[in-house]
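Q: I am new to this structure and would like a close look at one part of it. Could you walk me through the salt bridges, the places they connect and how accessible their residues are?

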Amino acid sequence: MKYCDDHAALLDLYVDGELSPGDMAAVRAHLGQCPGCRAYVDDALALRAAFPSAEDTEVPPGFAQGVMAIIQTQAAPAKKVRGPWPRLLASLAACCAIVLLVRGVGLGSGSKASPTADTAATMETEACVEAPAPTAQAEEDDTTCALTAAPAGEVQYDNTASKNALEPLSRASSLYFAILTLPEDALETPLLADGTATGTEDGEQRYELSAGDYATLLDQLDASGIQPIAREQTGAESETALVVVTAP
Amino acid sequence: MNQEQNWIDAARRGDQSAFEQLVRLYEKRIFALTLRMCKNPEDAAEAAQEAFLAAWQGLRFFRGDANFSTWLYRLASNACVDLLRREGRHRAAAGPSLDDGALNLEAPDHALSPQEQAERSELRAQIEAGLAALPPDHRQVLILREIHQLTYDEIAGVLSLDLGTVKSRISRGRKQLRKILLESGNFSAAPASKRAEKEGCK
């Protein structure tokens with residue numbers, strides 16, 4: 001038996017307790033007279049009674065330990081390998097680091113500047129000089145170095161420290177925990193309007209945001225009704241998100 | 001201050017053991033969402049892991065103006081959507097190929113007779129299959145409403161939707177699910193028939 005069309009919109013709100021007390025009473029009175037609507041509400045409540053519960057959900061053994069193991073070893077090698085170039089560049093960077101260390105060139109542990117920053121290996125070089133055992137780590141995996149990036153909050157809106165934002169997007173998934181592509185009107189959101197792009201390429205504006213600013217930006221986009229063109233959660237153990245605003 | 005809030009505060013200061021307590025507290029609820037959104041245990045585990053890692057990375061910026069739980073559901077929901085999009089699995093996820101064996105949702109309810117338990121289990125299996133056949137957007141809101149028992153406002157916050165969209169999706173999703181169950185021939189509203197005239201349930 002079908003419910004009344006003129007009450008269809010109210011029945012789910014009634015079942016979910018989302019109506020005002022007056023409307024709840026009105027619907028309840030209607031249910032006493034309408035078998036079709038009453039059958040729908042009965043079914044909805046039966047569904048609820050039989051619905052699976054979260055407590056019945058089986059979690060894989062050791063899941064929490066697995067999450068914590070990743071957190072504890074945030075510099076561990078990532079799983080993604082994208083061809084020979086990153087691995088080769090990482091090895092090259094490791095060699096450079098060894099040479100620099102042997103020659104006693106001071107690159108303090110907090111330094112983000114690289115004396116050879118004009119190559120595509122800039123990111124690897126910067127990070128690898130901070131790695132305790134660069135040769136072994138670099139041989140194991142290509143993204144080892146990227147995962148030792150500076151913590152969130154230290155790289156926002158910093159033109160000098162943000163060469164990563166100029167890296168090709170194909171490499172960005174190993175450098176950022178999220179990549180958000182936005183239309184041009186996103187530049188009107190308060191966060192982007194107040195910030196400074198960390199890079200510009202072919203008319204695209206690129207921003208590096210901390211996790212907190214990234215969440216704030218998502219809220220501002222929602223409030224503005226601006227839909228992202230694309231949003232990717234990369235899985236990289238970075239604390240920085242890349243935002244790309246497309247060219248007009 | 002409750003224990004959960006203590007853990008949140010400690011985790012924000014970098015206390016990993018406190019964060020592990022939060023992972024253990026929420027892992028079932030997060031899996032309840034990711035399993036049904038991603039549809040296979042491997043993807044569900046990946047999405048759940050991404051959600052917790054994102055929580056750890058973002059916790060120091062968590063402003064506390066939303067519930068920790070709804071924030072976590074949002075991260076999990078985003079992780080599922082991103083995973084489905086990244087892997088191009090939207091089409092596959094819309095199919096009715098639920099791996100029931102992996103979900104293990106047949107916990108006995110000791111208040112019911114054996115026959116009632118069997119009927120409840122049958123209906124639960126039908127619900128799982130029906131949920132799997134719904135479009136992801138409709139499945140998502142029903143899971144948050146029925147399993148996580150969020151209000152419409154909370155769902156709107158988790159999914160960054162306006163309230164009208166939440167209402168519409170819940171209504172459509174529930175009507176679709178009911179239709180699927182009615183057509184399956186195994187759905188009977190008898191257990192709840194006395195309650196309809198009393199009031200809706202939160």
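A: What follows describes selected salt bridges one after another and then a network.

The model is a predicted one, and over all chains it holds 13 salt bridges. In one of them B:Lys175 pairs with A:Asp12, with 2.8 Å between the closest N and O atoms. Because B:Lys175 belongs to helix 10 of chain B (residues 163-184) and A:Asp12 to helix 1 of chain A (residues 8-15), this pair joins two chains. Both B:Lys175 and A:Asp12 are buried.

Another salt bridge brings together the side chains of A:Arg48 and A:Asp16, at 2.5 Å from N to O. Here A:Arg48 sits in helix 3 of chain A (residues 35-50), while A:Asp16 is found in the loop between helix 1 and helix 2 (21-31) of chain A, so the pair ties together parts that are 32 residues apart in sequence. Since buried means under 20% relative accessible area, A:Arg48 counts as buried at 18%, and A:Asp16 counts as buried at 0%.

A further salt bridge links the side chains of A:Asp43 and B:Arg178, with an N to O distance of 2.6 Å. As A:Asp43 lies in helix 3 of chain A and B:Arg178 in helix 10 of chain B, this pair, too, joins two chains. A:Asp43 is buried, its relative accessible area being 6%, and B:Arg178 is likewise counted as buried, at 10% relative accessibility.

Finally, salt bridges that share partners connect A:Asp12, A:Asp16, A:Arg48, B:Arg145, B:Glu146, B:Arg174 and B:Lys175 into one network.

Terms used:
Residues are numbered from 1 along each chain as its sequence is written. Chains are lettered from A and ligands numbered from 1 in the order in which they are written. This is a predicted model: local features need pLDDT of at least 70, side-chain atom pairs count only at pLDDT 80 or more; totals for chains, interfaces and linings use all residues. Side-chain values use heavy atoms; hydrogens and water are left out. A salt bridge is a side-chain nitrogen of Lys or Arg within 4 Å of a carboxyl oxygen of Asp or Glu. Helices (H or I, at least four residues) and strands (E, at least two) are DSSP runs, numbered from the N terminus. Buried means under 20% relative accessible area, exposed over 50%, partly exposed in between (1.4 Å probe, protein chains only).
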